[in-house]
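I set aside this page for what I looked up in the model, going from the overall fold to the core.

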Amino acid sequence: MVCQYSNVWMLHDSCVAGLSVADHVKGISTFLQDRFLFATGYPFCPIRETIDRYLALGFTDGVLHKIMRDNARRLFRLDGS
């Protein structure tokens, strides 16, 4: 659905169960990189630990910038558009 509808976005908790971490990273690094948002389960998941987990997954800097900042800015129209 995320690829079919412009109003559907993904968070880490909406990833498909049963896929490996490598599968998630591959999907986010390719066709989902413009539709994925960083999120935490705060206060149940500490923010720093969640960020560290994202950083350890091996995303390129470009993909990290998108999922950690740029996509949210675009979705919430915080970039002046």
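**Notebook: fold, surface and core**

I began with the secondary structure and found 3 helices and 0 strands in the protein chain, where helices are DSSP runs (H or I) of at least four residues and strands (E) of at least two, numbered from the N terminus. I note that this is a predicted model, in which local features need pLDDT of at least 70 and side-chain atom pairs count only at pLDDT 80 or more, while totals for chains, interfaces and linings use all residues. Residues are numbered from 1 along each chain as its sequence is written, and side-chain values use heavy atoms, with hydrogens and water left out.

Read from the N terminus, the order of elements is α-α-α. The radius of gyration, taken over C-alpha atoms, is 13 Å, close to the 12 Å from the globule rule for 81 residues (2.2 Å times the number of residues to the power 0.38), so the chain is as compact as a globular protein of that length.

I then looked at burial: 25% of the 81 residues are buried, meaning under 20% relative accessible area with a 1.4 Å probe, protein chains only. Of the contacts (heavy atoms within 4.5 Å) with a separation of 6 or more, 65% join residues 24 or more positions apart.

Last, I listed the largest nonpolar core, a set of 11 residues that includes Val2, Met10, Phe36, Tyr54 and Phe59; such a core consists of buried Ala, Val, Leu, Ile, Met, Phe, Trp, Tyr and Cys residues joined through side-chain atoms within 4.5 Å. Helix H1 (21–29) and helix H3 (61–75) each give two or more residues to this core, and H3 supplies the largest share, 3 residues.

Conventions:
Buried means under 20% relative accessible area, exposed over 50%, partly exposed in between (1.4 Å probe, protein chains only).
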